[in-house]
Structures are given as structure tokens and as C-alpha cells.
Amino acid sequence: MKLLSRERFRYWTALPLFAVLVGYILYPLIRVFIESLTDRSGNLSLANYIAFFDPQRPSNIEALLTSLGLAFASVLVAALVGVPLAFLLTKYRFPGSRILSSLVIIPMVFPPLISVLAYIFLYGEAGFIPRGLQNLFGLSSPPFYIKGIGGILVIHAYTMFIYFYMLTSSALKKIDSSIDEAARNLGGKFWFRFRKITFPLITPGLVGASLLVFMIAMASFSAPFLLGGRNRFLSLQIYISKLNGNMEMAATQSTILALICFIFLLFIRYVSQKRDYKMVSKGVSNATSDIKSRLGKWGAMTISILILIMLSLPQVTLLIISLVPIGTWTHQTFPPKYSFINYIEIFSNPRFFNSIKNSLIMSSIATLVAVIIGSLVAYFLSKKDFKSRWAMEILAMLPWALPGTIIAINLIITFNRPTFLTGGQILVGTYFILPIAYMIRNIPLLVRSTFAVFEQLDESLEEAGRNLGGNWFYVFRRVIFPNILPGIISGALLTLVANIGEFTSSVMLYTYHNKPMSMEILDQMQRFNFGAAAALGILQVVLMAAVMLITNRYLGNKRGAVVYF
């Protein structure tokens with residue numbers, strides 16, 4: 001009887017949580033799907049899908065095929081960078097290897113928009129390197145510069161190789177070195193050992209990274225937005241349809257993109273469940289070996305130096321541009337004058353300061369709400385006897401598969417009219433539409449970081465507290481909450497980082513009153529005020545790097561914390 005009442009209590013407690021997840025995640029998806037089946041007259045029809053695949057107007061088909069091609073190519077270039085780097089830094093020791101392994105995750109602290117801007121300043125048509133080579137060799141035009149799909153792939157390689165590096169490195173560290181040693185003692189050559197031992201054991205990680213990069217590249221917005229040129233991409237087609245007021249087609253494009261992302265999310269989940277391999281061995285952990293040959297050591301050091309330069313150049317370039325006063329850099333290859341005027345300006349000019357304030361306030365609101373929802377969801381998911389946990393898990397993880405463009409379209413179509421979810425108010429065009437978008441996007445991150453702690457928490461602690469007469473809220477506050485606090489803080493800080501650098505949803509939902517930093521950066525770029533744009537970008541990077549450093553340094557060794565450095 002007591003068990004039955006406890007089960008009922010859980011269901012009644014979970015009911016408001018289900019209402020929030022359904023109301024702000026599932027219901028908008030359903031509304032967008034219905035909108036995609038509605039013609040201009042308001043009748044149910046497949047006209048939008050027929051128009052999407054109409055060969056006489058191939059813009060949408062071209063966008064779909066270009067996005068698919070870009071996603072496949074992004075997987076290839078990211079793997080070509082990340083996998084060899086993982087082998088080099090995981091299997092071998094050489095001078096500089098520890099420094100490189102610490103700095104290799106630099107791209108993680110760069111928001112997507114800032115990464116694109118840094119590469120434009122560095123490798124664009126008027127970038128430092130192309131213009132520098134042009135002047136050095138007396139050429140009539142730059143010998144190269146990034147643009148179009150090639151330029152997007154360069155940026156994707158820089159921002160996405162980290163997924164292959166981290167998953168491959170993690171898989172390599174789990175391989176028992178005694179297995180490889182035994183194969184070598186039995187006469188197995190390097191390629192034979194790699195083909196028969198190493199590659200099968202790292203394959204799940206490679207597949208998981210490939211699916212993850214494919215899904216992220218398929219939904220990429222910042223790089224195509226600034227470098228796409230005349231190429232069409234599905235994420236940009238959604239944005240264009242929204243600007244043109246064709247919300248039925250925007251809903252159709254969103255539905256197709258969401259379907260592709262959902263399929264790959266299911267693949268990732270399937271692969272992650274198949275990743276647990278057990279080896280019968282001595283239990284010796286993976287051992288790194290010193291590179292003994294002088295040529296190999298110098299070669300590894302040279303590669304390390306080149307990689308460090310490639311990783312650091314975008315940051316250095318952004319810092320240099322941030323010191324250039326407006327109007328002083330015109331035709332010159334390099335800026336002729338430097339000062340801190342842009343940094344003074346962004347804190348003294350109300351226009352810039354308001355964007356900083358908006359980003360911090362909206363990010364904090366979204367993070368606080370996501371912490372509450374994510375922690376409660378993680379609590380219920382940790383209860384194996386909670387029969388509806390599968391439904392709650394699906395609802396909570398859905399936003400992870402949704403690009404920012406789709407979340408924005410979902411909110412626009414759902415909340416551009418009064419609904420019971422908003423107390424009869426219209427949310428579109430208000431200050432709080434962006435915090436809601438940020439919150440929805442980052443619920444999965446909070447759920448995963450907090451769920452990891454709940455998995456380690458002994459359920460007998462809660463049982464003991466309840467048996468001694470404590471009600472659920474008291475036990476949660478005095479027993480459970482202190483134990484899960486490290487996981488909550490780490491997830492909250494990382495959510496705050498993601499919100500501060502958010503661009504994709506912001507560009508579709510912001511108004512004058514809630515303009516965030518990312519939109520002010522874009523605005524200054526369009527005004528050719530590169531110094532102020534770069535200064536705001538540096539501020540974003542500093543905020544994100546500081547939060548990630550705090551997360552690792554003070555929570556990295558605590559139970560449930562998420563380690564990134």
C-alpha cells in the first residue's frame with residue numbers, strides 16, 4: 001500500500017513536468033507538422049511537400065542535396081583531422097604532446113559565429129594570409145581565400161574535428177595494451193594489428209562521431225549564412241522562407257530537416273548502446289610509448305607546432321582585429337593602428353552594453369529554468385520503477401536533435417497567437433521568446449549532466465530519509481540535492497556558455513528590446529565596424545573560456561562533474 005501511494009505521488013509530481021515538456025517541445029513540433037500540411041487557404045493538403053520536391057522549382061531539392069553533401073564531406077574532413085590527432089596524442093609521448101593535448105579543445109570555447117568571423121578575417125578575400133601572400137609575391141589578386149562550400153568545410157574541420165578526437169581518444173584509452181603486445185610478439189605487423197585489434201575496438205566511437213558530426217553539419221547555419229554565397233542550404237532556406245512570410249513552406253522545410261536529424265539521433269542512440277565491449281585480458285590499461293627515432297620525434301614535434309599554430313591563429317587574429325579603431329584599416333594588408341578604444345566603447349556605449357546585458361540576463365533566465373526542469377527530469381529517469389520514464393526521456397532529449405532554426409520556427413508558429421500555455425498572451429516579439437528558445441535547446445544537456453550523478457547516488461539514501469519520516473521535498477532538499485549539486489553546477493555552467501554564444505535561434509527570434517551579443521556582432525560586421533564586432537567576440541570567448549575553466553578546475557574531480565579540460 002505504501003509502495004502504491006509512493007508510485008501515485010511520483011506520477012502526480014511528474015504530471016506538471018510532462019505538461020511543460022509536451023507544451024513547449026512536443027506540441028510545437030506537432031503544430032509545425034500540421035502547418036506543413038496546410039495550404040494558403042487553410043485546408044489540409046500535400047501541396048507544400050509537392051512544391052518542395054517540384055523539379056520545375058528545384059531550389060529546395062538543391063538545398064537538401066547540398067546540405068546532405070556538405071554533411072558527408074564534413075564527416076570526412078573532421079575525421080581526417082581528428083582521428084590521426086587522437087592516435088598521435090593518445091599512443092605516443094614526445095616534447096610538446098601534453099601542451100597540445102590541453103590546447104586541442106580550443107575550438108570548443110569559440111561560438112560558431114565567432115569561429116566563422118575569425119576565419120573570414122584570417123583566410124577571407126581580404127584576410128591577413130591571402131592579402132599578405134599577394135603583397136609578398138606581387139600578385140594581382142590573392143592566391144586563395146575561403147568561400148562557398150570549400151570555405152564552409154574548412155571551418156567545419158576546425159570546429160568539428162574535436163568530436164572525432166574525443167571519441168577516438170576515449171576508445172583508444174580503453175584498449176588493453178597487453179592485447180596489442182601479444183599480437184606483436186606473435187609476429188603481427190602494425191597494419192595487421194590495427195586492422196584486427198585496434199580498428200574494431202574504436203569503430204563504435206568512429207561511427208558515433210560520424211553520426212554526430214553529420215547531424216551537426218546538416219543543421220549548420222553560421223558558416224553557410226556568412227560564406228554560402230549562391231549555394232542553397234536547407235537551414236538557410238528555412239530562414240529565407242520565414243523572412244518572405246511563407247510560414248507553410250518554412251514548416252515543410254523544418255519538418256524534413258527535423259526528420260533527418262531524428263533518424264540520425266536514433267542511430268546515435270543505437271550505436272551508443274552497442275559501445276560497451278569487454279576484453280578478456282590482464283587488465284593493463286592503455287600505455288603510451290615514447291617516440292624513439294630522432295626523425296620520428298622531430299616529425300611529431302613539427303606536426304604539433306603546426307597544429308598549435310593552426311589552432312591559435314583564429315584567436316590571435318580576432319584579438320588583433322579587436323584592437324583596430326574604426327575607419328583606420330582600409331586598403332592596407334595589416335591594420336596600421338591599434339588601441340583599446342573598441343573595448344572602452346562596448347562597455348560605455350549603451351547600444352553595445354545593452355546587448356551584453358541582454359545576453360547575460362536571458363542566458364541566466366534560460367539556464368535557471370533549464371536547471372529546474374532538467375534536474376527533475378533526471379530524477380525521474382533515475383527511478384527504474386517509474387513506468388513512464390521512456391516517454392519522459394524521449395520528450396527531454398528531442399531538442400538535442402532539433403537545429404536552432406527548427407526550434408525558432410516551432411516557437412514562431414506555435415506562439416504567434418494566444419494559447420493556454422502562455423496565459424492567453426502572444427510570445428512572439430516579446431522579450432521572453434529568446435530565453436524560452438535557449439532553455440528548450442539546452443534541457444538535454446542539463447538532463448545528461450544531472451542524470452550521471454543520480455546514477456551514482458545510492459537510492460537507499462532517499463529510502464532511509466523517507467522511512468525516518470521526511471517528506472519528499474525535505475529529503476530532496478537535505479539528502480539528494482547536496483549530492484547532485486556538482487552535476488547541476490557543471491551542467492548549468494555549460495548551459496550558460498552555450499546560451500551566451502547562441503546565434504541560430506537568435507537571428508530568427510530577436511527584437512530590438514532583447515538583441516543579444518551575437519546579433520550585435522553581426523550588425524557591426526554588416527556596418528564594417530570590424531573592431532567592435534571582434535571585441536564583442538573576444539568578450540564572448542573570454543566568458544565561455546572562464547566558465548569552462550571554472551567547471552573543470554573546481555568540479556572536475558567531484559562526483560558527477562563534467563570534465564572538458
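Reply: Let's start with a charged pair. This is a predicted model. In it, Asp54 forms a salt bridge with Arg57, and the closest N and O atoms are 3.6 Å apart.

Me: Is Arg57 buried or exposed?

Reply: Arg57 is exposed, because its relative accessible area is 52% and the cut-off for exposed is over 50%.

Me: Why would two side chains pair up like that?

Reply: Side chains of opposite charge can pair when their charged atoms come close.

Me: How many salt bridges are there?

Reply: The count comes to 8.

Me: What does Arg351 pair with?

Reply: Arg351 forms a salt bridge with Glu520. The closest N and O atoms are 2.8 Å apart. This pair links distant parts of the chain. Arg351 sits in helix 15 (residues 350-381), and Glu520 sits in helix 22 (residues 517-526). They are 169 residues apart.

Me: And how accessible is Arg351?

Reply: Arg351 is partly exposed, at 32% relative accessibility.

Me: What about Glu520, buried or exposed?

Reply: Glu520 counts as buried, because its relative accessibility is 1% and buried means under 20%.

Me: Which residues are in the salt-bridge network?

Reply: Arg351, Lys515, Glu520, Asp523 and Arg527 are linked in it. One of its links joins Arg527 and Asp523, at 3.3 Å from N to O. Asp523 is buried too, at 15% relative accessibility.

Me: Glu520 is in helix 22. How many residues of that helix are buried?

Reply: 9 of the 10 are buried, so helix 22 is largely enclosed by the rest of the structure. Among the buried ones are Met517, Ile521, Leu522 and Met525.

Me: What comes just after helix 22?

Reply: Phe528 does, with a positive phi of about 65 degrees. That is a positive value in a residue other than glycine. Phe528 lies in the loop between helix 22 and helix 23 (530-555).

Me: Is Phe528 buried or exposed?

Reply: Phe528 counts as exposed, with 62% relative accessibility.

Me: Where is Phe110?

Reply: Phe110 is in the loop between helix 4 (97-103) and helix 5 (112-123).

Me: How far is Phe110 from Ile538?

Reply: In sequence, Phe110 and Ile538 are 428 residues apart. In space, their C-alpha atoms are 9.2 Å apart.

Me: New topic. Where does helix 7 bend?

Reply: Helix 7 bends at Thr159, by about 40 degrees.

Me: And what end-to-end span should helix 7 have?

Reply: Helix 7 covers residues 148-174, which is 27 residues. At 1.5 Å a residue, it should span 39 Å. Its end C-alpha atoms are 40 Å apart, so the two values agree.

Me: Last topic, empty space. How do you find it?

Reply: Rolling a probe the size of a water molecule over the atoms shows where empty space is left.

Me: How many cavities turn up?

Reply: A search of the whole structure finds 2 cavities of 30 Å³ or more.

Me: What lines the second largest cavity?

Reply: Its lining includes Tyr24, Pro28, Leu402, Asn410 and Ile440. Helix 1 (2-36) and helix 17 (404-415) each supply at least two lining residues.

Me: How do the lining residues divide by type?

Reply: They divide into 7 nonpolar, 1 polar and no charged.

Conventions
Residues numbered from 1 in each chain as written. Predicted model: local features only at pLDDT ≥ 70, side-chain atom pairs only at ≥ 80, totals over all residues. Heavy atoms only, no water. 1 Å grid on protein atoms, 1.4 Å probe; cavity = no way out; pocket = protein on both sides within 12 Å on 5 of 7 lines; lining within 4 Å. Points joined across faces, edges and corners; volume = space filled by probe spheres on them. Helix = DSSP H or I, 4+ residues; strand = E, 2+ residues; numbered from the N terminus. Nonpolar A, V, L, I, M, F, W, Y, C, P; charged D, E, K, R; others polar. Expected span 1.5 Å × (residues − 1). Bend = angle between axes of the 7 residues up to and from the residue. Salt bridge = Lys/Arg side-chain N within 4 Å of Asp/Glu carboxyl O. Buried < 20%, exposed > 50% of the residue type's maximum accessible area, 1.4 Å probe, protein only.
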